[in-house]
Amino acid sequence: MVTAMVTGGTSGIGAAFARALAKRGDSLVLVARDQARLDETASSLATEFGIAVETVSADLSNRDDVVRVAALLERETNPIEILVNNAGFGVHTALLAIDTTPHERAFDVMCRTVLMLGASAGRTMRTRGAGTIINVSSTSGYITMGSYSAIKAWVTSYTEGLAVELRGSGVQVTALCPGWVHTEFHSRAGIRESSIPGFLWIDVDRLVDDALRDAEKGKVISIPSARFKFLMFFARHLPRTTIRAISGRISSSRSH
Ligand SMILES: NC(=O)c1ccc[n+]([C@@H]2O[C@H](COP(=O)([O-])OP(=O)(O)OC[C@H]3O[C@@H](n4cnc5c(N)ncnc54)[C@H](OP(=O)(O)O)[C@@H]3O)[C@@H](O)[C@H]2O)c1
């Protein structure tokens, strides 16, 4: 039993990670913006599984908040042995939009935060000779759907780089690349869920179980489900012109 930090641990994939880790007896540090929802999640997990849950209200698009969260990863008492860098959101905004704020916030939450928390966790875990960092990336990183794909391509590539730096240190680093999962992600981003065929949706608990198993096996990239392993094999081998054409069709089909 260890202590795990899950960013975005109050909803969707992060909440499923929190539950799976609580179920096996791990203590939790949950990070998100909405304090009421953090309290509600913490109390329900603590009651159901008898574990300790700390909550940290932080806006991970704000650098000062990220510094505050990073400091927790370096503490010596009650050390954090697992980091799930999960908080994020879809970016359904044109690259040519006059207001680039949504893209900038997405960089801040899904790149800068992942980098800063990964550095703090990686350094501390390397000193202890043990630990696990799971960065929630996406299969979108293999295609070309605007800044979200570019950000997730960065997350996967960054994770591989971190795994290289931490090789032999006892610290496991894994990029989780989910396909489509029913969470609040699509409604928050204004993406029409009905545009995505039913057979492509992955169960969130199954996704998290597969990711934790892959991390335990030492996999650096985890693509849960046979369907998405198969699709991503083609995404890696098809000509980029074909990938761009497919990406354009998916983008135009899912707008409201
Ligand atoms: N759902 C999918 O189909 C899918 C597929 C591939 C990858 N992903 C990735 O999975 C991760 C989790 O997404 P999800 O689908 O579980 O979405 P979700 O249900 O909308 O959950 C997002 C979580 O992140 C937190 N969060 C969002 N912005 C934040 C900020 N600025 N600061 C701190 N916390 C923030 C939210 O809490 P607050 O709002 O309280 O802050 C919430 O707990 C993301 O990185 C996403 O890119 C999702």
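Q: In β4, which residue is the bridge partner of Met5?
A: This is a predicted model. Strand β1 covers residues 3-7 and strand β4 covers residues 82-85. The two strands run parallel. In β4, Met5 has as its bridge partner Leu83.

Q: How many bridges join strand β1 to strand β4?
A: Strands pair in a sheet through backbone hydrogen bonds, parallel or antiparallel. Here β1 and β4 run parallel. The number of bridges joining them is 3.

Q: What is the order of the strands in the open sheet?
A: The sheet has 7 strands. Their pairing is parallel. Read across, the order is β3-β2-β1-β4-β5-β6-β9.

Q: Which strands stand at the edges of that sheet, each with a single partner strand?
A: The order of the open sheet starts with β3 and ends with β9. Each of these two has a single partner strand, so one side of each is left without a neighbour in the sheet. The edge strands are β3 (53-57) and β9 (221-222).

Q: Is Thr10 buried or exposed?
A: Thr10 sits in the loop between β1 and α1 (12-23). Leaving aside neighbours within four places in sequence, Thr10 is in contact with Ala15, Ala32, Arg37, Leu38 and Thr41. Buried means under 20% relative accessible area. The value for Thr10 is 13%, so Thr10 is buried.

Q: Is Ser169 buried or exposed?
A: Ser169 is found in the loop between α5 and β6 (171-176). Not counting residues up to four places away in sequence, Ser169 touches Arg126, Gly129 and Ala130. Its relative accessible area is 14%, so Ser169 is buried.

Q: Which residue has the backbone oxygen that the side chain of Ser169 reaches at 2.5 Å?
A: A polar atom of the Ser169 side chain lies 3.1 Å from the backbone nitrogen of Val171. The side chain of Ser169 also reaches a backbone oxygen, at 2.5 Å. That oxygen belongs to Leu166.

Q: Which helix gives the most to the lining of the second largest pocket?
A: The space in this pocket is about 190 Å³. Its lining includes Gly146, Ser147 and Tyr148. The top contributor gives 3 residues and spans residues 146-165. That is helix α5.

Q: How many charged residues are in the lining of the second largest pocket?
A: Among the lining residues are Val91, His92, Met145, Ser251 and Arg254. The lining has 5 nonpolar and 5 polar residues. The count of charged residues is 1.

Methods:
Residues numbered from 1 in each chain as written. Predicted model: local features only at pLDDT ≥ 70, side-chain atom pairs only at ≥ 80, totals over all residues. Heavy atoms only, no water. 1 Å grid on protein atoms, 1.4 Å probe; cavity = no way out; pocket = protein on both sides within 12 Å on 5 of 7 lines; lining within 4 Å. Points joined across faces, edges and corners; volume = space filled by probe spheres on them. Helix = DSSP H or I, 4+ residues; strand = E, 2+ residues; numbered from the N terminus. Nonpolar A, V, L, I, M, F, W, Y, C, P; charged D, E, K, R; others polar. Buried < 20%, exposed > 50% of the residue type's maximum accessible area, 1.4 Å probe, protein only. Polar contact = N/O pair within 3.5 Å; in protein donor to acceptor, adjacent residues only side chain to side chain. Contact = heavy atoms within 4.5 Å. Pairing = 2+ DSSP bridges.
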